Every structure is written in C-alpha cells, then in structure tokens.
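Colleague: I would like to learn how to read the inside of a protein model. Could you take me through it slowly?

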Amino acid sequence: MANRSIDHAFTATSLTSAANDPTFAGALSFMRRRFTKELAGVDVAVWGIPFDAATSNRPGTRFGPQAIRRASAIFDNDAQYPFSRELFADMAVIDYGDCLLDYGNHQDTPAAIERQANVILDSGAFLLTLGGDHYVTWPLLKAHATKHGPLALVQFDAHQDTWFDEERRIDHGSFVARAAREGIIDPDRSIQIGIRTHAPEDCGINILYGHQVEDMSAGDIASAIISHTRGAPAYLTFDIDCLDPAFAPGTGTPVAGGPSSAKIFSVLQRLHQLDIRGADIVEVSPPYDHADITAIAGATVAMYMLGLHAERRAIAVSQG
C-alpha cells in the first residue's frame, strides 16, 4: 500500500500519472484525471456543461456530466480497449470541472459557454465536453470555428436538429440549421449518422439513416464518414440517443430502432483518420437511466474520443 494513493483527482503528482483508486471509491473526476483550472502543459481538457433548459421532452441532462464522470470510474488506467495503449502515458488530460452558468438567466447561457470554451481553446488544449442537452453544441461550434474556421460536422444522433428557429430561441433541436445558415459548419462535408426522424430541412448535409446504418458494416460506415469529410477540420458530436433505447434508455427523446453500442463503438474506433478539432457527448439523462446503462455508454463514447485523439497524436509523432 505504500506506493498507492486515493483521490487521484486531487493527489496526482503528474498530469500523465495513472490512478489506482478502487472503482467504488475516490474523487469522481472523469477517468480519475486531476481536477484543475490550470491549462499550462495540458493536451486535453474534459469539461462539463450541466444544462438542460433547451429540452423539448424529458429533462435531466443537467446531471449528465456527473453521471458520466461516475461511470468513467470503471475504466482503470491500463491500456484501454480497443486502443491498446495507456491513454495518459504521453497525453496530459485534466478534468476542467464544469461551465459556470446562471440557472435563472438562460439567455446568457450561449455567450457564457462560448466565452469559457474560448479560454480552454486559446490554451491550445483539445476540448472534450460532457453535456448537457444538445443545445450546448451550438456555442461550442462557434468557439471551435473561431479558432479553426468552418467545420465538418460529424453528428451521431437520432434527430437531424435542423428545425428552424428564431435567433434568440434556446432549443436543442435547431443548432445544426443555425450553424449551417451562419457558415459555422460546411454542410457539403458534414454527415449525420443514425437519423431515425424527419425534419423539414436537411441543410444539404449527408445523412445515414437508421435503416441504412442497420444494413451497413461498421467499416463501411466509418469509410463513408471519412470520405465525406474529405480531410476537413471536423467537430464530432455524439447524442446518446443515436443508440437504440435498449442501450441508452436514459435520454430525453429516445427513438426505437437504433444501432447497438457495440456497432457504434466499432465505428468510432475506425475514425482515427478524421481531423477532429473538438468533440462532445450529450443528452445523457440519469433520471431515466437504469443501472447506469446510459452513463456507461456515454463514458465509453468519451473514452473513445480520448483514444482517437491519442491515436492521432501517436501517428503525428511517428511521422515526425
């Protein structure tokens, strides 16, 4: 026990150190990463946005970041399947905590998210966000586009989120239309995967509908994503309701007929060729979850996003 520690999120001596807290104990940061607002030397900042005032059906995603962090404790810090590497050996990852929001003044929410995201992005860190409902992706896209220019949106979702709305409306079903209209994303290089509903507008974005995803292999889905984005800087957003409710019941607007978690994880594993500049996992709603099924799926998606970033970093190093 002499070389072991507890509460690694506070006691870690290095940003690349492994944790050995037992799964059932210790401070619950994301994957036991150090809780800190210090961004110097940080490669990835994991950040929560506990916001659900834009939901159109069941609320509860304000508790999503907490649930994802709690579920992430199941990952020890050995090599993470399927990436076969210890993700934090050469990649400094922190848990930056949560976005500060005024729950009584929602009109200030988008500017607050964008402003705080800009601080992280200006440090040079990759930003991985835990939502929150899908509205939070709108200010996140704005922040990332300010830094990287128009983005290829890669969206895993049961819904297109292309409903038209007014400028100041706070709505989780319209951020894609707004981003396309304002040139934040490049529709010609954007793609949506798992769509199982109709919206009045597709904004020129390529869609892989749920029935197509069912008939395609994971490799074919990944190839379609990579070929359609054509090497553009990409933003990866994952709405947990992309998965069938059997694999993610804890979400605000579940839609039957979706893919399994195993299939979509297999797709994600193959996306290391994407030039991903930012990512989020949203719409985990713990009040409707059972046995942490959805939280575990959400934490796994987030871990895969870290794995993809680690893979790209390793490729860059190997290529000099």
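Modeller: Helix H9 gives the largest share of the lining of the largest cavity, four residues, where helices (H or I, at least four residues) and strands (E, at least two) are DSSP runs numbered from the N terminus. This is a predicted model, in which local features need pLDDT of at least 70 and side-chain atom pairs count only at pLDDT 80 or more, while totals for chains, interfaces and linings use all residues. Residues are numbered from 1 along each chain as its sequence is written, and side-chain values use heavy atoms, with hydrogens and water left out.

Colleague: What volume does the largest cavity have?

Modeller: On a 1 Å grid over the protein atoms alone, a cavity is a set of points where a 1.4 Å probe fits but cannot get out, and lining residues have an atom within 4 Å of a point. Grid points are joined across faces, edges and corners, and a volume is the space filled by probe spheres set on the points. Here the search finds one cavity of 30 Å³ or more, and the volume of the largest is about 50 Å³.

Colleague: Which residues line the largest cavity?

Modeller: They are Phe-126, Leu-236, Ile-276, Ala-279, Met-305, Leu-308, His-309 and Arg-312. Strand E9 (275-282) and helix H9 (293-318) are the elements that give two or more residues to this lining.

Colleague: Which residues does Leu-268 touch?

Modeller: Taking contact as heavy atoms within 4.5 Å, and not counting residues up to four places away in sequence, Leu-268 touches Phe-156, Leu-236, Phe-238, Val-301, Tyr-304 and Leu-308.

Conventions
On a 1 Å grid over the protein atoms alone, a cavity is a set of points where a 1.4 Å probe fits but cannot get out, and a pocket is an open set with protein on both sides within 12 Å along at least five of seven lines; lining residues have an atom within 4 Å of a point.
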